[in-house]
Amino acid sequence: MIKNYLKIAVRQLRKQKMYSAIKIGGFALSIAACLLIGLYIKDELSYDKSYPDTNRIYRLVEYYTHDGKIEKGNDYPAPISKALKADFPEIEKSARLMPNSLFQNAGSNELRRADQVENTHEEGFTYADQDLLDILKLPMVYGNRSKALAEPNTMVISKRKADKYFPNQNPVGKVMYLNNDQTKPYRIGGVMENPPKTSHLQFDFLLTLNGIEFYKGEQTNWNASNYPDYVLLKPGTNIDQLNKKITVDIDKNYLLPALLSISYKDAEKELKKLSFKLQPISDIHLYSYDIQDEFQHGDIRFIWLFGAIAGFILTIACINFINLSTAKSANRAKEVGLRKVVGSTRYSLISQFLAESLLYSVLSFIIGVLLAWVLLPYFNALASKTLTMPWQTFWFMPIIFAAAFVVGIVAGIYPAFYLSSFKPASVLKGSISTGSKNSMLRNGLVVFQFTASIILIICTFVIYNQMKYILNKDIGFNKDQVVMLQGANTLGDNGVKILKQQLQKLSSVKSVSIGDYLPVEGTKRNGNTLYNFGKSKVETGVDTQFWITDEDYLKTFGIKLLEGVNFNPDGNNGGVIINQTMVKKLNLKNPVGKVITHGGDALRIIGVVQDFNFESLRQPIGALCLFKGISPSIVSVKVDGGNMSSTLAQISSIWKNLSPSQPIRYTFLDERFANMYADVQRMGHIFTSFAILAIIIACLGLFALASFMAEQRSKEIGIRKVLGASVQSITKLLSLDFVKLVFIAIVIASPIAWWAMTKWLEDFTYRAPVSWWIFAFAGVTAILIALLTVSFQSIKAAVANPIKALKTE
C-alpha cells in the first residue's frame, strides 16, 4: 500500500512540474534558512560551557543606580579578590583578570623570542592570577597548570602561538620580550590548549599578576577599579543570599572606609546606590549587552529575534504548501470522486495525500540541507561566524529526518482532510464543495506574509539610513586621510620623536601626532574623577576621560579650539585642555585659567575645545580632559590624499630605516571609525537577506492564491468574456483584490515596524529620524512585487478560451 502511495505521489510530482517545483523550492529555501539560523543559535548558546566546573564559575557584576538608570560594570579594585576569598566561606577560589590596554603589556604587543631580533605584532594579551587557571581548569599541553603563573614575570601561551614561535618544541622555560623591553623578560610557564571559539575569554597570552604593581600602592588601593573578578563557588551555594552578603560586606568594610579616607562627598548615600551580583560564566556571552566590559559578546535579544524569524519562515513555507495544494484542488477533485465511487475510504485518501506531502517534505529537506551547506560561507561572512555543517555528529541526521516527517505531516494535514472531504456526486458533476471558496483564511495568510515582509523591508531601510547618518554626521573631528602607525612604542620615546620629525618633512604630510588616545574604539581609555580645585569634599566629581596627547593632536584631527591656547610645542606649559561638556558639568564660567584636580595635582585650564564624539554615537559626549605627555604606541599622520600610494611608500621607507626588525603596521582612521559600527552593518545585511527571503516566500503564497482564485472564478471570467469584457478589465478585476490585501498588510506593518525601529534606535544617542518616505517606499515596493506576482495568473485567466470554462454548463 505504501509503495502504491509513493507511486501516485511521484506521478503527481511529474504531472505538475511547475507547482511541484514551487512547493519544493519554497520549502527548501525555508529549510535552508531555518537550518542556518539553528546552527547560529546553537553556537551562541554553547558559549562558556566547556569548563569542567561551569555551573560553579561566576563573574562579579556591579550595579549602580545613576539618574534613575542602572549602570552595570565589572571592574573592581585590585584587593577585592583576596577580600572575597577571605570573607566568604562559600567562595572556594577567586581570581582577577586585567585585559585593559591602558596598562603596560595588556591588549597588544610587539613580541619576539629572546634569541631573535624581529618583532611580530600579537593581539590577545591579558594579565591573570594563577587561581584563574585553576578555576577554569584550562587544559595544558606543556607545563604544570598549578604553577604556570605562580612566579613573577611568567606567562602562559596558547598552543597555536607555541607552534608559531617554537615549532616542534616544548617552550616551557623559554624567554620572550615584549616591545623590545629587555629589562623585563617573560619566561614561559606553560602552554595551554587554544581557547575554544565558544569562550568569551579569547586570549593567547596570559601574563602573571604575581609581583605586578602598576603604580605605588596600586595593589592595596580600593579607590581605583580596573580588574574583572571571577569566583569558583562551593557546591550548593545559595546565590541570592551570597549576593546580599557580598554587597553588605564590600560596601561596609572596604569601599566606605576608602571613600571616607579621601573625604568623598555623601559616601554612604552613594554606596546605597551600589550592589553586587554574581553572573554565571555561561551567561556572560549573551546577557552582557548592557554591561561595560572589555569583551566581545552576543545578545540574547537577537537569539530570540532569529528564532522567531526561523519559526516564521517555516510557518509561511507550510502555509504556501497548503495554499498550493488547495489551489489545484479542482485537478484532484474528480480523482477523489472516482476513488470514493470504487470503494476508497476517507482514511486511505488521507494516507495518500499525507504520503505525497511527506515525499515533498523529504525532497525539500534534502535540497534545503544541501542549499544550507552551499550558503554557509556566505552566512558565516554575514554573521561573522565560523560555523560548519555537523555532518559527523550523531544527532544531525536523525533530527533532519524527524523534522522532515513532522513538517510533512503538519503541512499536509489540512490539504489531506480538505481534499478527502469532497462529495463524489458533486465533484463528478464538475463542481467543488462550496467550502473551498471560503477565501478569508487564505487572504488572512497572505496578509500575514506581506505584513512580515513589509516590516523587514522597513527595518532594513531604517538600519541603512542610520548607518548612513553615522558615517556622514559631523562628529567634531576630521577622520579622513589620517594614517595610524601602530607599534611605534618599540622605538622608545626618543625614537618615536625622531619618527615624527622625519614624517613632518614629507611634503604630503600635513601634521603628525603621537598618542594612543584616539576617538575610535580599540585605543586607550583612562577614566578619572575630576573636581573644581579645593571642592572635592563638598562637590560630586565629574567622571572624565583623562587623555595623554601632544601639541599637534588638535591639528591632526581637526578639533576646534574655542577658547585659550594649545599646548606649548617647546615644553609642558603645565595646563590641560577640556571640552565643552566638562565646562558644563563643572559649572565653569570663563573656564580658561580656572584650576581643577583629580585628587592629586592642581591642573590649570589653558583651553577649551569644541565637543567631539570620542566614543560611539550610541553614547552622549562625555567630559574630556587632555594633558600633554607621551604615549607612543600610535603615531597619527594627517596626509594629503592626492597620491596616497606614494605617501605610504615614503612613510614605509622612513619606518624601515628606523625599525628594520619590525614590519610597518598601519590602518586608516576612517576605516577604524566605520568598524565601530560593524554590528549595525551586519544587522543591515542580515535584515536584507531575510527581507528578500520573506518576499520570495510571500510571493509564492500570493502566486498560490492567484492560481486558486483564477481556478475558482473560471466560469465567472468565461461569462464576463462572452458578454464582452476586455482582457484588461478582467486582469484589473483579479489583481485589485490582491492589491487590497497588500494595502491591509501595509496598514498593519507600518506601526509595528515604527515601534520596533524606534526601540532599536533608542540605543543611539544620535540617530536619524524614521521618515515617512521609508514607509511609503516599502509599501510601493510591496504593491509592485504583488502586482508582478499575480499578473501572470491574472493575464493567463483573462486570455483563456471561455468555452473551456463553460462547456459543462
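Trainee: In which strand does serine 94 lie?
Mentor: This is a predicted model, and the strand runs over residues 91–98. Serine 94 falls in strand 3.

Trainee: Is serine 94 buried or exposed?
Mentor: The relative accessible area of serine 94 is 4%. Buried means under 20%. Therefore serine 94 is buried.

Trainee: Which aspartate side chain makes a polar contact with the side chain of serine 94?
Mentor: Leave aside neighbours within four places in sequence, and the contacts of serine 94 include Asp131 and Asp229. The polar contact between side chains has a length of 2.8 Å. The partner is aspartate 229.

Trainee: Which serine has its side chain joined to that of serine 94 by a polar contact?
Mentor: Beyond four places in sequence, serine 94 is also in contact with Ser81, Leu84 and Lys85, among others. The polar contact here spans 2.9 Å. The partner is serine 81.

Trainee: What distance separates the C-alpha atoms of serine 94 and tyrosine 58?
Mentor: Along the chain, the two residues are 36 apart.

Trainee: Where does glutamine 662 lie?
Mentor: Take the elements on either side. Helix 17 covers 644–658 and strand 24 covers 666–668. Glutamine 662 sits in the loop between helix 17 and strand 24.

Trainee: Why does glutamine 662 count as buried?
Mentor: Buried means under 20% relative accessible area. Glutamine 662 counts as buried because its relative accessibility is 3%.

Trainee: With which asparagine does the side chain of glutamine 662 make a polar contact?
Mentor: Not counting residues up to four places away, glutamine 662 touches Glu110, Asn119, Gln486, Gly487, Thr490 and Trp655. The side-chain polar contact is at 3.4 Å. The residue is asparagine 119.

Trainee: What separates the C-alpha atoms of asparagine 119 and asparagine 179?
Mentor: These residues are 60 apart along the chain. Asparagine 179 is in the loop between strand 8 and strand 9. The C-alpha separation is 7.8 Å.

Trainee: Is asparagine 179 buried or exposed?
Mentor: The cut-off for buried is under 20%. Asparagine 179 has a relative accessible area of 14%, so it is buried.

Trainee: Which asparagine is joined to asparagine 179 by a side-chain polar contact of 2.7 Å?
Mentor: Residues up to four places away aside, asparagine 179 touches Asn105, Asn109, Glu110, Asn489 and Thr490. A side-chain polar contact of 3.4 Å joins asparagine 179 and asparagine 489. The contact of 2.7 Å goes to asparagine 109.

Trainee: What is the phi of asparagine 105?
Mentor: Asparagine 105 lies in the loop between strand 3 and strand 4. Asparagine 105 is buried, at 7% relative accessible area. Its phi is positive, in a residue other than glycine, and near 80°.

Trainee: Is asparagine 180 buried or partly exposed?
Mentor: Asparagine 180 is in the loop between strand 8 (175–178) and strand 9 (186–192). Its phi is also positive, near 60°. Its relative accessible area is 29%, so asparagine 180 is partly exposed.

Trainee: Where does asparagine 226 lie?
Mentor: Asparagine 226 is buried, with a relative accessible area of 14%. Leaving aside neighbours within four places, its contacts are Asp75, Tyr76, Met98, Asn100 and Phe103. Asparagine 226 is in the loop between strand 10 and strand 11.

Trainee: Which helix gives the most to the lining of the second largest cavity?
Mentor: The lining has 11 residues, and those closest to the centre are Lys23, Gly26, Phe27, Ala317 and Asn320. Helix 2 (17–45), helix 8 (300–327) and helix 19 (678–712) each supply at least two lining residues. With five residues, the most comes from helix 2.

Trainee: How many residues in the lining of the second largest cavity are nonpolar?
Mentor: The lining includes three polar residues and one charged residue. The nonpolar residues number seven.

Trainee: What share of the chain's residues is buried?
Mentor: The chain has 23 helices and 24 strands. Of contacts between residues at least 6 apart in sequence, 79% join residues at least 24 apart. Across the 809 residues, the buried share is 53%.

Terms used
Residues are numbered from 1 along each chain as its sequence is written. This is a predicted model: local features need pLDDT of at least 70, side-chain atom pairs count only at pLDDT 80 or more; totals for chains, interfaces and linings use all residues. Side-chain values use heavy atoms; hydrogens and water are left out. Helices (H or I, at least four residues) and strands (E, at least two) are DSSP runs, numbered from the N terminus. Buried means under 20% relative accessible area, exposed over 50%, partly exposed in between (1.4 Å probe, protein chains only). Contact means heavy atoms within 4.5 Å. A polar contact is a pair of N or O atoms within 3.5 Å; within protein, one must be able to donate a hydrogen and the other to accept it, and residues adjacent in sequence count only if both atoms are side-chain atoms. On a 1 Å grid over the protein atoms alone, a cavity is a set of points where a 1.4 Å probe fits but cannot get out, and a pocket is an open set with protein on both sides within 12 Å along at least five of seven lines; lining residues have an atom within 4 Å of a point. Ala, Val, Leu, Ile, Met, Phe, Trp, Tyr, Cys and Pro count as nonpolar, Asp, Glu, Lys and Arg as charged, and the others, Gly among them, as polar.
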